[in-house]
Amino acid sequence: MQCIYRPADMAEATLLAGVLADHHIRCHVSGGYLQGAIGDLPVHDLLGLWVADEDSTRSLELIHAYLSASPVGDDDLEAPRS
């Protein structure tokens with residue numbers, strides 16, 4: 001297994017694990033239980049997303065595609081046609 005990404009918080013870790021699961025890639029989030037020890041431990045690099053070696057390249061592509069996506073605003077939506 002390889003650690004392919006260090007999420008900023010548990011919300012990001014859960015969201016990205018869901019993105020990978022949607023593409024049938026099994027993922028393990030490490031360090032989730034360490035969040036309660038903030039103050040005794042450094043605040044950064046507690047979390048990690050781990051995938052099997054053979055899934056690492058595709059996982060990184062999916063994560064980078066998700067993180068670089070632009071949100072859709074009201075101006076980007078087409079008006080309904082009558």
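This briefing describes the fold, core, surface and side-chain pairings of one protein. The model is a predicted one. The protein has 82 residues, of which 24% are buried. It contains 2 helices and 3 strands, and from the N terminus these elements follow the order β-α-β-β-α.

**Overall fold and surface**

- The accessible surface of the protein comes to about 6000 Å², and carbon and sulfur atoms account for 54% of that area.
- Of the contacts between residues at least 6 apart in sequence, 63% link residues at least 24 apart.

**Nonpolar core**

- The largest nonpolar core consists of 11 residues. They are Ile4, Tyr5, Ala13, Leu16, Leu20, Ile25, Leu47, Leu49, Val51, Leu62 and Ile63.
- At least two residues of this core come from each of β1 (2-5), α1 (10-22), β3 (48-51) and α2.
- The element with the largest share is α1, which supplies 3 residues of the core.
- Val51, one of the core residues, touches Met1, Gln2, Ile4, Leu20, Ile25, Arg26, Cys27, Ser56 and Ser59 when residues up to four places away in sequence are not counted.

**Helix α2**

- Helix α2 covers residues 56-67, and Ser59 lies in this helix.
- Ser59 is buried, because its relative accessibility is 0% and the cut-off for buried is under 20%.
- Leaving aside residues up to four places away in sequence, Ser59 touches Ile4, Leu20, Ile25 and Val51.
- With 40% relative accessibility, Leu67 is classed as partly exposed.

**Salt bridge**

- Side chains of opposite charge can pair when their charged atoms come close.
- The protein has 1 salt bridge by the rule used here. It is formed by Glu61 and Arg58, whose closest N and O atoms are 3.5 Å apart.
- This pair meets the rule because 3.5 Å falls within the 4 Å cut-off.
- Glu61 and Arg58 are 3 residues apart in helix α2, so about one helical turn separates them.
- Both partners are partly exposed: Glu61 has a relative accessibility of 44%, and Arg58 has 42%.

**Cysteines**

- The count of disulfides is 0.
- For Cys3, the closest cysteine sulfur is in Cys27, at 9.2 Å, which is too far for a bond. A disulfide would need the two sulfur atoms to be within 2.5 Å.
- Cys27 is likewise in no disulfide, its nearest cysteine sulfur being that of Cys3.
- Cys3 is partly exposed, at 29% relative accessible area. Cys27 is also partly exposed, at 25%.

How values were computed
Residues are numbered from 1 along each chain as its sequence is written. This is a predicted model: local features need pLDDT of at least 70, side-chain atom pairs count only at pLDDT 80 or more; totals for chains, interfaces and linings use all residues. Side-chain values use heavy atoms; hydrogens and water are left out. Helices (H or I, at least four residues) and strands (E, at least two) are DSSP runs, numbered from the N terminus. Buried means under 20% relative accessible area, exposed over 50%, partly exposed in between (1.4 Å probe, protein chains only). A salt bridge is a side-chain nitrogen of Lys or Arg within 4 Å of a carboxyl oxygen of Asp or Glu. Contact means heavy atoms within 4.5 Å. A nonpolar core is a set of buried Ala, Val, Leu, Ile, Met, Phe, Trp, Tyr and Cys residues joined through side-chain atoms within 4.5 Å. Accessible areas come from the Shrake-Rupley method with a 1.4 Å probe; for residues, only the protein chains shown count as cover.
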